[in-house]
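Open the model in your viewer and keep the selection panel at hand. We will go step by step, picking one thing at a time.

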Amino acid sequence: MRARAMWLEIKDELLGILREPTALFFSVLMPVGFFTFFAAMFGDTWNDAGTAMIVPFGTFGVLAVVLMNPGIGMADARQRGWLRVKRVSGIPLWMTLIAKVTASIPYALAVLGAITASAVLVGGMQFHLGEVAAVFAVLVLGVLPFAFFSLAIGSRVGTNAAAAILNAILMPAAIASGLWFPFEMLPDMVARIGRALPTYHLAQLAMRPLDGGAWMGHLLVLAATAAVGAALALMAYRSARL
Amino acid sequence: MTTVLTVRDVRHAYGDNIALDGVTLSVEAGELVALLGPNGAGKTTLVRSIIGLLQPSAGSVRVVDGSPSQAVVRRRLGVVQQDVGFPTTLTVREVVVGAAARAGVDRSRAKAAMEEMGLSGLAKRRASDLSGGQQQRLQLAMGLVADPVLLVLDEPTAGLDAASRKAFWATLDARRRQGTGVLLTTHIVEEAAALADRVVVLHQGRVVAEGTPAELRRTLPGRRVTARTSVPAEVLRAVDGVVSVAARDEEVDITATEAEPVVRTMLELDPAVSDLVVATASLDEVLIALTETKEELVA
């Protein structure tokens with residue numbers, strides 16, 4: 001019974017994403033558009049980097065999906081009173097939260113696929129399928145802790161405010177973490193802050209299949225992010241005005 | 001008879017504002033209890049306590065033998081809430097099938113519930129596109145899908161036209177005959193009086209009256225006297241049994257437990273009294289008089 005209910009919760013969330021095309025614009029087109037734009041401008045200089053350039057833009061892409069989507073969906077459901085219906089229905093709290101997070105996985109994969117496809121179309125980049133698959137796996141799993149923060153915000157504020165707050169977190173975090181520009185191009189202070197952000201550690205962990213660098217520290221930061229995010233999401237949801 | 005809802009000495013406050021002040025009530029299997037009261041009486045807070053959305057500060061709420069704070073107990077409830085908007089992305093069928101899955105019952109129950117509420121023809125429509133009345137029926141279909149032991153309906157017929165309301169009540173009546181307990185809040189007092197086995201009047205967080213509609217009419221200020229008279233309102237208010245007096249120019253509208261002392265006083269002080277009408281107060285008038293009286297007492 002629980003498996004069926006869980007599947008239907010996830011399916012409802014996925015339908016919510018697929019049937020709301022405006023969400024697709026910001027979550028898919030924006031990161032893909034940025035990637036294509038930068039690839040068109042600097043593609044020649046990226047040739048040596050190859051797959052590595054997928055990492056920062058892919059990180060931004062999955063962050064855009066996982067940070068924005070669950071929180072805005074949560075705020076909308078709460079504002080409508082639909083969350084109240086779900087809570088009264090007897091569905092466990094964790095099922096509602098997990099469904100929202102899980103539904104963002106295929107969406108994040110679609111964004112990564114679109115970025116890869118645009119990279120192929122723009123041309124001039126070298127890919128290794130195994131490496132790309134490994135980067136995708138790290139990004140899709142590593143980004144999930146951010147969904148908890150999204151849900152926490154969506155449990156406390158209205159739909160418009162949630163979109164504004166989450167954007168206000170996403171954009172500066174992406175820039176400070178070096179996802180759009182290398183650290184060398186950023187002011188020292190911003191770079192120092194950026195290196196402390198979990199978004200930076202996600203990007204670094206995603207680089208691991210390509211450069212074989214250290215990973216444990218990044219993983220620990222993401223694990224701590226997940227623990228703090230989950231606690232905040234649970235507290236926010238439990239005290240949310242439904 | 002099985003008691004499907006027991007509310008015992010429930011208290012709750014929002015800061016300094018006391019919403020519920022020791023409410024006790026029960027609903028038996030197959031019984032329809034109407035919860036009446038003016039705005040701010042505490043009805044919605046009580047309903048939220050019963051459906052597990054709110055943990056009251058004190059007292060207990062039991063649905064059969066479990067607390068509604070437990071998910072497994074809430075699955076035994078069918079609920080129609082106020083101000084619920086459906087997701088723009090789900091169809092009627094998806095909403096009811098989802099309710100069946102959450103309640104842990106077979107998918108076929110969703111189809112039966114949609115048929116029962118006359119929604120089969122709308123199964124493929126987006127739920128958010130339905131009219132207000134259709135959305136209320138959809139909520140009830142979700143509530144009925146798991147054959148609940150108790151239906152909790154918060155203003156369920158608000159926004160329904162007369163025909164839809166009649167159909168809605170017919171469904172409830174059928175369920176009640178099958179043994180489902182029903183607790184409903186409504187502003188349509190006469191409708192509640194016609195359908196309810198018992199009426200509970202809530203005012204300022206307290207139960208101020210309880211009984212069958214007939215008992216309430218009998219025991220509460222049940223006579224209404226209207227007339228044109230020069231007798232001042234304050235004199236009429238002092239007459240034994242008078243509960244409320246509304247006066248405008250020389251027209252007075254009096255609610256009282258008995259009409260005779262009022263009429264006698266008016267005739268003694270004003271032989272020219274005219275347009276004198278004595279009527280049995282409706283339950284609506286009883287409710288208004290009762291809550292106004294309590295306000296005066298509190299003040």
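Start where chain B meets chain A: two salt bridges cross this interface. This is a predicted model, so treat each stop as a computed result.

Select Glu94(B) and Arg19(A). Their side chains form a salt bridge, with N to O at 2.9 Å.

Now look at polar contacts between the two chains. Eleven residue pairs are in polar contact, both residues of each pair being at pLDDT 80 or more.

Next, color the helices of chain B. On the side that touches chain A, two elements give two or more residues: helix 2 (71-74) and helix 3 (92-103) of chain B. Which of them gives the largest share? Select helix 3 of chain B: the largest share, eight residues, comes from there.

Color that side of chain B by residue class.

Zoom out to the whole contact. Chain B brings 32 residues and chain A brings 25. The buried area is about 2500 Å², and carbon and sulfur atoms give 53% of it.

Now move into chain A. Select residues 54-80, helix 3, and residues 93-122, helix 5. The two pack at an angle of about 150°, and their axes lie 9 Å apart. Is the crossing of helix 3 and helix 5 of chain A right-handed or left-handed? It is right-handed.

Show side chains where these helices touch. On helix 3 of chain A, pick residues including Phe57(A), Val62(A) and Met74(A). On helix 5 of chain A, pick residues including Leu97(A), Tyr107(A) and Ile115(A). By class, this helix contact has 14 nonpolar, six polar and one charged residues.

Terms used: Residues numbered from 1 in each chain as written. Chains lettered and ligands numbered in written order. Predicted model: local features only at pLDDT ≥ 70, side-chain atom pairs only at ≥ 80, totals over all residues. Heavy atoms only, no water. Contact = heavy atoms within 4.5 Å. Buried area = accessible area lost by both parts, 1.4 Å probe. Salt bridge = Lys/Arg side-chain N within 4 Å of Asp/Glu carboxyl O. Polar contact = N/O pair within 3.5 Å; in protein donor to acceptor, adjacent residues only side chain to side chain. Helix = DSSP H or I, 4+ residues; strand = E, 2+ residues; numbered from the N terminus. Axes fitted to C-alpha atoms, helices over the stretch in contact; angles between N-to-C directions. Left-handed = near helix turned anticlockwise from the far one by under 90°. Nonpolar A, V, L, I, M, F, W, Y, C, P; charged D, E, K, R; others polar.
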